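Please open the structure in a viewer and keep the sequence at hand.

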Amino acid sequence: MKIRNLEINNGHPAVCVPVTDSLSDDVINHTGEIAEQADIIEWRLDHFSEQEKMNVILPQIREAAGDTPLLVTLRTEQEGGQFRGNSQGYTDILEKCAASGCIDMIDAEYKALPDIRDIISFIRSNGVKSIVSHHDFHETPDEKEMYSMLESMADTGADIVKLAVMPQTARDVLALLSVTYRFHALNPKTPVVTMSMGRLGVISRIAGATFGSCITFGADRVASAPGQLEYLELKEILRILYEAGK
C-alpha cells in the first residue's frame with residue numbers, strides 16, 4: 001500500500017510519531033519540526049483544546065507536514081484517550097477531517113460507533129485511508145479472541161487494522177506476535193498494526209515487522225501510549241535491525 005510517497009506493508013516498519021499538543025500554534029510547529037524525520041505524523045485530535053479552530057488549522061498542519069503522510073486520531077476515553085463526547089460527536093469530527101482534503105489516514109475505533117462501516121465508507125469516498133483500531137489497556141485476550149478481533153475489523157472494509165493490548169507476562173507478548181504472524185500470513189494484502197504495550201511489550205514495537213506489523217509508534221516529547229520509545233532512537237534501532245545482513 002502506498003500513502004503519498006510511503007510504502008507500507010513491505011516488510012519494513014514505518015515509524016509514526018504522535019503530536020499531542022493542545023494549542024494550535026504548538027501543533028503546527030511540532031508537526032513542522034518532525035516532518036523530515038517521521039515516516040507518518042499522527043495528530044491526536046483528542047488532545048486538542050481548540051476544537052472550534054479545527055477547520056482553520058487543518059490546512060496549516062497539512063502544509064507543515066509537507067509530503068509526510070498525516071494520520072488523524074480521535075482516541076476515546078474508553079481506549080486511553082481524552083475524547084469524552086458521544087458517538088455522533090465522534091462521527092462528526094471524523095467526517096470533517098475526511099472531507100477537509102488535508103488528511104491521508106483516519107483512525108476509527110471499532111467499538112466507538114454502532115455501525116463503523118458507515119464512517120469507513122465516508123472516509124473512503126473522500127479518498128482517505130482508514131485504520132480501524134481496538135485498544136485493551138487492561139489485559140491481553142487469548143489468541144483466538146485477538147485473531148477474531150482482527151478479522152472483524154478487516155470485515156468492516158478498513159484499509160488497515162490495528163490492535164494494541166496490555167501484557168501481564170512475557171507469554172502475552174508472544175501471543176500477540178503469534179496472532180500478528182498468523183493474520184499477516186493469511187491476509188497479506190491487509191496491512192496490520194499490532195503492539196503489546198508497556199515495558200514488557202517494548203520488543204513488539206521493535207520487532208513487530210518481523211511478524212507482519214507494518215507501523216510502529218515512537219514518541220517525541222510525550223508518549224501517547226505506554227512503552228513508546230523516543231522516535232529517533234527507535235528509527236536507529238530499526239535501521240540496524242532491518243538492514244543487518246544486507
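With which residue does Asp-104 form a salt bridge? The model under view is a predicted one. To begin, select Asp-104 and Arg-62: these two residues form a salt bridge, and their closest N and O atoms are 2.8 Å apart. Asp-104 sits in the loop between α3 (87–99) and β6 (105–109), whereas Arg-62 belongs to helix α2, so that the pair links distant parts of the chain, 42 residues apart. Both Asp-104 and Arg-62 are buried.

**The salt-bridge network**

Arg-4, Arg-62, Asp-67 and Asp-104 are linked in a network of salt bridges. Within this group, the side chains of Arg-4 and Asp-67 meet in a salt bridge with an N to O distance of 3.0 Å. Because Arg-4 lies in the loop between β1 (2–3) and β2 (6–7) and Asp-67 in the loop between α2 (54–65) and β5 (70–73), the pair ties together parts that are 63 residues apart in sequence.

Is each of these two residues buried, partly exposed or exposed? Arg-4 has a relative accessible area of 33% and is therefore partly exposed. Asp-67 is likewise partly exposed, with a value of 40%. By contrast, the pair of Asp-104 and Arg-62 is buried.

**Two backbone angles**

Remain at Arg-4 and inspect its backbone. Most residues other than glycine have a negative phi. Arg-4, although it is not a glycine, has a positive phi of about 55°. Next, select Asn-9, which is found in the loop between β2 and β3 (14–19). What is the phi of Asn-9 near? The angle is near 65°, a positive value in a residue other than glycine.

**A further salt bridge**

A search of the whole structure finds 11 salt bridges. For another of them, select Arg-84 and Glu-77, which form a salt bridge with their closest N and O atoms 3.2 Å apart. Arg-84 counts as exposed because its relative accessibility is 61%, above the cut-off of 50%. Glu-77 has a relative accessible area of 43% and is therefore partly exposed.

**Aromatic pairs**

Now turn to the aromatic rings, for which the count comes to 3 aromatic pairs. One of these is formed by Trp-43 and Phe-48. Their ring centres are 5.2 Å apart and their planes are at 70° to each other, an edge-to-face arrangement. Both residues of this pair, Trp-43 and Phe-48, are buried.

**A negative surface patch**

Move to Glu-139, Asp-142, Glu-143 and Glu-145. These four residues form a negative surface patch. Among them, Glu-143 lies in helix α5, which covers residues 143–154. With a relative accessibility of 32%, Glu-143 counts as partly exposed.

**Two distances along the chain**

For the last stops, display the C-alpha atoms. Select Leu-113, which lies in the loop between β6 and α4 (116–125). Is Leu-113 buried or exposed? Leu-113 counts as buried because its relative accessibility is 11%.

Finally, select Thr-210, whose place is in helix α7 (residues 202–211). Thr-210 is exposed, with a relative accessible area of 52%. How far apart are the C-alpha atoms of Thr-210 and Tyr-242? The separation is 8.8 Å, although Thr-210 and Tyr-242 are 32 residues apart along the chain.

Note on methods: Residues are numbered from 1 along each chain as its sequence is written. This is a predicted model: local features need pLDDT of at least 70, side-chain atom pairs count only at pLDDT 80 or more; totals for chains, interfaces and linings use all residues. Side-chain values use heavy atoms; hydrogens and water are left out. Patches are made of residues with over 30% relative accessible area and no salt bridge: like charges are joined within 9 Å, nonpolar side chains (Val, Leu, Ile, Met, Phe, Trp, Tyr) within 5 Å. Accessible areas come from the Shrake-Rupley method with a 1.4 Å probe; for residues, only the protein chains shown count as cover. Lys and Arg count as positive and Asp and Glu as negative; His and the chain ends are not counted. The place of a charge is taken as NZ of Lys, CZ of Arg, CG of Asp or CD of Glu. Helices (H or I, at least four residues) and strands (E, at least two) are DSSP runs, numbered from the N terminus. Buried means under 20% relative accessible area, exposed over 50%, partly exposed in between (1.4 Å probe, protein chains only). Rings of Phe, Tyr and Trp (its six-membered ring) pair if their centres lie within 6.5 Å; planes under 30 degrees apart count as stacked, over 60 as edge-to-face and the rest as tilted.
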